[in-house]
Amino acid sequence: MAVAAGGATTAGVRLFSVPRTLPAIRTSSFVTTLGSFPGRVRSNEPARKKLLVIRAARTESQGVSLGFRAPNFQLPEPLTGKTWTLEDFESYPALLVMFICNHCPFVKHLKKDIAKLSNFYMKKGLAVVAISSNSVATHPQDGPQFMAEDAKLYNYPFPYLYDETQDVARDFGAVCTPEFFLFKKDGRRPFELVYHGQFDDSRPSNSVPVTGRDLSLAIDSVLSGQPVPSVQKPRCILP
């Protein structure tokens, strides 16, 4: 768990220094909660390194707003060795970017359902990509080799990319795992953020079943050309 730069602080914080068919779903969607990835330092910063602290619990990031344009990125996929960029998804009407990792209990709670939801909607035209920005120094289990193993184990239908420098996470304003950014594209216009909320109300600590309701309803709206409600449950707050 961590703290967003400029965001609220919470209990249970850890600081980190940086050196893939859905069965019939009742509601048409799925949901997530928080996890965390460590803070990072830009590679060109010498000697005195800055510490970016990231929080996942009871924290609502003050970062990007709806309408935010998806930033460019160029990241490797450990499973295949391919490098992916934002341009690889330009032909799609919508793009779901997920910040996840291997070890986070909140991500573990949703991994199978994230794969199912993604597989379901990718067949309907949605582009999906997942990114891990965790530091290998603090969480070796989140390293490239283990990311490739996780992608195989859960049969991820989307590329699972490694953001070693954490620069991409910073560009997106990502502060927790899992964190979901749903972008829509109108013709030649850039991808614009229309949903930045939770997967659903299920958490590892409650008995609420995983449905992906919140996220899937947003995706349904985008793919059908309908507006996505602007009132969205924060992805980075735990009950």
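Helices here are DSSP runs of H or I with at least four residues, and strands are E runs of at least two, both numbered from the N terminus. Just past one of those helices, α5, G225 takes a positive phi of about 80 degrees. This is a predicted model, where local features need pLDDT of at least 70 and side-chain atom pairs count only at pLDDT 80 or more, while totals for chains, interfaces and linings use all residues. Residues are numbered from 1 along each chain as its sequence is written, and side-chain values use heavy atoms, with hydrogens and water left out.

**Helix α2**

**Helix α5**
- D214, L215, S216, A218, I219, S221 and V222 are buried in α5.
- Cover for the buried part of α5 includes α2, β6 and β7 (192–195).

**Largest pocket**
- A pocket is an open set of points on a 1 Å grid over the protein atoms alone, where a 1.4 Å probe fits, with protein on both sides within 12 Å along at least five of seven lines; lining residues have an atom within 4 Å of a point.
- The largest pocket holds about 260 Å³, a volume being the space filled by probe spheres set on the points.
- Of its 15 lining residues, Y195, R213, D214, L217 and V231 are the closest to the centre.
- α5 gives the most to this lining, with four residues.

Terms used. Buried < 20%, exposed > 50% of the residue type's maximum accessible area, 1.4 Å probe, protein only. Contact = heavy atoms within 4.5 Å.
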